[in-house]
Amino acid sequence: QVQLVESGGGLVQAGGSLRLSCAASGRTGAMAWFRQAPGKEREFVATINWSGGSTSYADSVKGRFTISRDNAKNTVYLQMNSLKPEDTAVYYCAARATIGLGLDVRDYAYWGRGTQVTVSS
């Protein structure tokens, strides 16, 4: 069983930046970030494969967010730049045993508890 713990959320003004971190209790395959705004379904943000050599992003964050990972630390990051009010949500880290990318919530067996990101206008 892999435990995931997110950190780095907070309140930021539009146009600002935040970096989220997710520490895993052990080795994982692909990892991802999802987010869920109030009254909405959880949605895909970004994913990275086991080696870090392949990534994929939701169109809404492409060019503004960057996902990366440090396997020596069992940690995945999400650098978020040019934040917009519509990025406000609880951000969840997810992991799975298989090494390839996964873009759907059903692809992931392990989830963190989430970290709140609030972007003010």
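**Exercise 1.** In what order do the strands of the open sheet of four strands stand, and is the pairing parallel or antiparallel?

*Solution.* The model is predicted: local features need pLDDT of at least 70, side-chain atom pairs count only at pLDDT 80 or more, and totals for chains, interfaces and linings use all residues. Residues are numbered from 1 along each chain as its sequence is written, and side-chain values use heavy atoms, without hydrogens and water.

Step 1. The order is E1-E3-E8-E7, with antiparallel pairing. Strands (E, at least two residues) are DSSP runs numbered from the N terminus, and two of them pair if DSSP finds at least two bridges between them.

Step 2. Strand E1 (4-7) and E7 each have a single partner strand, so one side of each lacks a neighbour in the sheet.

Step 3. E7 and E8 are joined by six bridges; Arg69 has Val76 in E8 as its bridge partner.

**Exercise 2.** Describe the aromatic cluster that includes Trp111.

*Solution.* Step 1. The members are Phe34, Phe44, Tyr108 and Trp111. Rings of Phe, Tyr and Trp (its six-membered ring) pair if their centres lie within 6.5 Å; planes under 30 degrees apart are stacked, over 60 edge-to-face, the rest tilted.

Step 2. Phe34 and Trp111 form a tilted pair, 5.1 Å centre to centre with 55 degrees between the planes. Phe34 lies in strand E4 and Trp111 in strand E10 (residues 110-111), 77 residues apart.

Step 3. The ring centres of Tyr108 and Trp111 are 6.4 Å apart and their planes at 75 degrees, so this pair is edge-to-face.
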